[in-house]
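Please open the model in a viewer and keep the selection tool at hand.

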Amino acid sequence: MDAAERLRNLLSSRVVFLDGAMGTMLMKRGMPPGVNPERWAAENPVILKRIHRDYVLAGSDVVLTCTFGGTAFRLGEDPERLNTTLAEILLNALDEKAVPGASVGPTGLLMAPLGELTWIDAYKAFHKQATALARAGIEVFFLETFSDPRELKAAALAVRDVCPHGFVSAQMSFSEEGYSLAGTTPEALAILVEQIPVDAVGANCSVGPDSLAAPVKAMVGFAGKPVCVEPNAGMPDSDGRHTMNPADFASRCEDLAWEGASIIGGCCGTGPEHIKALTSMVGRRKTGHSPGKPPRALSSLTRVVHLGTEMKLVGESINPTGRKDLKDAIRDGDTGFVVSAAGRQPRADVLDINLGLERMIPDGFVSNLFAKLACGPPLSVDLSDPDNIELAFRELGGIGLLNSLTCDPKFIGDRIETLKRHGGYAVLLPLDSDGLPENPDDRVRLVRRGLAALREFGFPPRRAIVDPVVKALASGADPNTTVKTLKRMKKAGWLTIAGVSNISHGLPERRAANLAFLVKLAEAGLDLAIVDVTRRETLSAARGAQILSGRIPASGGIDFEEETSRTGNPLEEAILRGDPRDTLIQAGILLEQGTPPADLVERHLQKAMGRLGSLFEKKKAFLPHLIAGAEAAHVLTGLLKPLLETGSVRSRGTVVLATVRGDLHDIGKNLVALFLEGAGFRVVDLGRDVPSDRIVDAASLESPVAVALSALMSSTAVRMEEVVIQLREKGLATPVLIGGAVITPEYAERIGAHYAREAFAAVEIIEGIMRENGA
Amino acid sequence: MTRTVFRPDPPLPLPARVLWRAGTPPSRAGENMEKRAAEALELLAKVVNPSAQALTGLILPGKLEDAFKEHLRGSVSWTILMATLGGETDECLKRLQMGGEHLAAHMFNAAASEAVELLAGNVHLRMAADMQGMNPTARFAPGYGSVPLSAQKNLVELFPGMGVECTDSFYMTPSKTMTAVWGWMRQKD
């Protein structure tokens, strides 16, 4: 069984362990600072072999060559010989105990246009390195620590071309904020890797395991492939050393396994002891990976656009038809002009790039232009020549769109390999050598044949986006044909796209027709609309149509801060925002206008607190937001208390509250008091370290709706049972509510109390108790 | 038994850690809460008076041996650590609460809790770096695993002069104080 097959077998049964850092170990074994690690390691084979063996003994399933900096850009001349030597040392060290693999790192140069490295030069360098490694017997490749997905893609395709059946993992390095140096997120990387011919996706270096949990989770959600992670041994100290100890490293890496990482190793600062602790902590467990159909999305270096939710807008402005200035700029090779025109479409989710007559495009223009556009929104490559399509897709830092393919198998065949290699979606037109059918059903039938042709070429139909075709009114076309075709396509479950402005070609007044047709298509479920995004009315029409058809909620998918500004009630908004100052101002305005103080409590304050609780349940607000809101509510009740007539606002009941004897924690108890008062309860707060008999006396005196107790230590939690027993012995049936870090539902049940998982839950539970008791 | 006294810089966690500890995912906290977390850290930096001491030896003091022996199996030596942020942190928290500044108190409490853990973690790492040829085990404390909470009193007794007391219910004051025990194992050749 070859190495790649062995690794795939391992992955199908359990989490796989990589080795740890090589550079760190070489330095520990005597490598002086400033030397080239690959050359030094090749000159010291005994030391290198020992390091490989130590990792095997520590439990690594996969051990990697010392070839991270193995391209010609780093090694200079004759990189092949060095890569071969280092691969042979590894293969001699392993003796079939572990899977041998190669570490392949970036060239160290910036990709154009920021730097000098072109895609093709990167590809050639990685191809040379991979060839040497493969000839030496390596079939497993870990592409590590890349910061630009274009360079990573060049490396991945080069390695795949050299080793068609090998195992390839494509990995980037992310900062603590979750971005690579090029601005790519783990989600965007996963979306790219899902469609290119590699076996796994991953993150390594830059950060410790704590900061990789979120990237792992994102990649697991979007990749559909196993996720590999190699954290550093923590963040570096002021001397640049990574000093996280093996036990801490291992326990944090266990979290990564829990999040779904399938391959785990170590990067800077780690050594065999970290791997040993890791294998011991994680153990033999099944991977979290389950192959599935990840969500569909387009992406660029820096952005992700999800498909199949609300309608997305594709900017149509880069189209030289009727634009002499654009035509001239393309002819003259002026990429700056085209980039500038692209930049004037900031509201576009995707940019369509049409360069007109392709035989007029000068050499090098396509590569330069698409390299410069890689940072913006995802791109729709509106080109027809297969060579130009390949040049454009090479420069994409993510997943783009090919606009477009007909349903003719030869047309598809000449162009589809680029999409299979670089990833991407294909726009499929219901066109073949017989032209465009006029009947909607015929168009759909033709598209079905086109999808079948794609499948035969090995291209998955779920990566096709179908176009119902918009023909100009001025040509006598019936727009309803397009709408009917679109509806049938949506019914078939396909993603759809349309060039909306085509409807008005040749008409004197284009805007009105374009907007009206956009609304019709949006209502019919269009997924991607190619439109003029520079017009505000276009954006409003798109949004309005979707709200009316229910595709997007009227409030949209907005976050807490937006939620708090949309009630139309300034006092409620101030409380929701947790702004005590504005709460007093808005309350003052309402009082001056003659609003009764009791109304402020019942119609504004309680409504706001109820809304806050609802946002909390929907995970749009969290504990700090509740506290801020309750604080604002508290300030309001303070203002209103002297103004309220006795009995004008009925208290909902009294709650006796205390932290039990021996316990000095009171922050949680104070929050309970705050929330209960905000909800209209009267709170008798006995404080902390309160003897049980004092609590019982207070309950006897106040006739509360409930007694609420807090304890944060196992040594003091026993007092809660004491309180319950004493209450019952005194003949008091008062419900008791308990909470605190060490309290469990089982303990609460055992002692006959109600359990509150968190401070805010106390309000709901007490309300529930009162409902049960008929209050 | 060797006693090491540390004079650490104020341990200030990242605002994201404070937000997590306060109960909100950092990416969804909103600008207001991010600001409040930063304010809490600013306040903490002003009041915190961190100190830490570590005792390292070959044989655990008698009463502690039973409590920790299971967790230190295989270790050739051990370290006991006490780390505290000092009494002024508690006073500041109390002032915020008494003043009705509940959110500020909540954020400050979160920041201080993260800070004392960071302090203990930093000392653990520093000692690991200084101990040539040795690997530390994970840290254990009273109340975790099979270590009884009652061991807290015995640990506190080992650090007179740090201003830390332990109640009969094993609650330590100042409240932002941590104790920990870990073992040292030889690195394999």
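## A tour of pockets, cavities, cores and salt bridges

The model is predicted. Begin at the second largest pocket, whose lining comprises 41 residues. To find its centre, select Glu316(A), Asn319(A), Ser501(A), Asn502(A) and His505(A), which lie nearest to that point. The space in this pocket amounts to about 1200 Å³.

Next, colour the elements of chain A that each supply at least two residues of this lining: strands E11 (312-318), E12 (350-354), E14 (401-405) and E18 (528-531), together with helices H20 (510-523) and H21 (536-548). Which element gives the largest share of the lining? That share, five residues, is supplied by H20(A).

**The cavities**

For the largest cavity, select Ser299(A), Ser300(A), Leu373(A), Ala374(A), Pro377(A), Pro378(A), Leu379(A), Leu396(A), Gly397(A), Gly398(A), Ile399(A) and Gly400(A), which line it. The volume of this cavity is about 50 Å³. Its lining holds seven nonpolar and five polar residues, but no charged ones.

The second largest cavity, of about 40 Å³, calls for a selection in both chains. Its lining consists of Ile667(A), Asn670(A) and Leu671(A) with Gln97(B), His102(B), Ala105(B) and His106(B). Helix H27 (667-678) of chain A and helix H5 (102-130) of chain B each contribute at least two of the lining residues. By class, three of the lining residues are nonpolar, four are polar and none is charged.

**The nonpolar cores**

Then select Leu26(A), Phe141(A), Leu143(A), Leu189(A), Ile264(A) and Ile465(A). These belong to the largest nonpolar core, which has 93 residues, and they touch the most other members. Centre the view on Ile264(A) and display its surroundings. Beyond its neighbours within four places in sequence, Ile264(A) is in contact with Val15(A), Val16(A), Phe17(A), Leu18(A), Val229(A), Cys253(A), Ala257(A) and Leu278(A). Another core, of 81 residues, lies apart from this one; its members include Ala630(A), Ala673(A), Ala708(A) and Leu103(B).

**The salt bridges**

The last stop concerns charged side chains. Side chains of opposite charge can pair when their charged atoms come close. Over all chains, the structure contains 44 salt bridges.

Select Arg81(A) and Asp78(A), whose side chains form a salt bridge with an N to O distance of 3.0 Å. Is Asp78(A) buried, partly exposed or exposed? With a relative accessible area of 40%, Asp78(A) is partly exposed.

Proceed to Arg285(A) and Glu254(A), where the N to O distance of the salt bridge is 2.5 Å. Arg285(A) is in the loop between helix H12 (272-282) and strand E9 (297-299), whereas Glu254(A) is in helix H11 (residues 246-259), so this pair ties together parts of chain A that are 31 residues apart in sequence.

Another pair to display is Glu767(A) and Arg652(A), a salt bridge whose closest N and O atoms are 2.8 Å apart. Here the link joins distant parts of the chain, 115 residues apart: Glu767(A) lies in helix H31 (residues 761-772), and Arg652(A) in the loop between helix H26 (623-640) and strand E19 (654-659). Arg652(A) is partly exposed, its relative accessible area being 33%.

Finish by selecting Lys324(A), Asp328(A), Arg331(A) and Asp332(A), which a network of salt bridges links together.

Technical notes. Residues numbered from 1 in each chain as written. Chains lettered and ligands numbered in written order. Predicted model: local features only at pLDDT ≥ 70, side-chain atom pairs only at ≥ 80, totals over all residues. Heavy atoms only, no water. Core = buried A, V, L, I, M, F, W, Y, C linked by side-chain atoms within 4.5 Å. Buried < 20%, exposed > 50% of the residue type's maximum accessible area, 1.4 Å probe, protein only. Contact = heavy atoms within 4.5 Å. 1 Å grid on protein atoms, 1.4 Å probe; cavity = no way out; pocket = protein on both sides within 12 Å on 5 of 7 lines; lining within 4 Å. Points joined across faces, edges and corners; volume = space filled by probe spheres on them. Helix = DSSP H or I, 4+ residues; strand = E, 2+ residues; numbered from the N terminus. Nonpolar A, V, L, I, M, F, W, Y, C, P; charged D, E, K, R; others polar. Salt bridge = Lys/Arg side-chain N within 4 Å of Asp/Glu carboxyl O.
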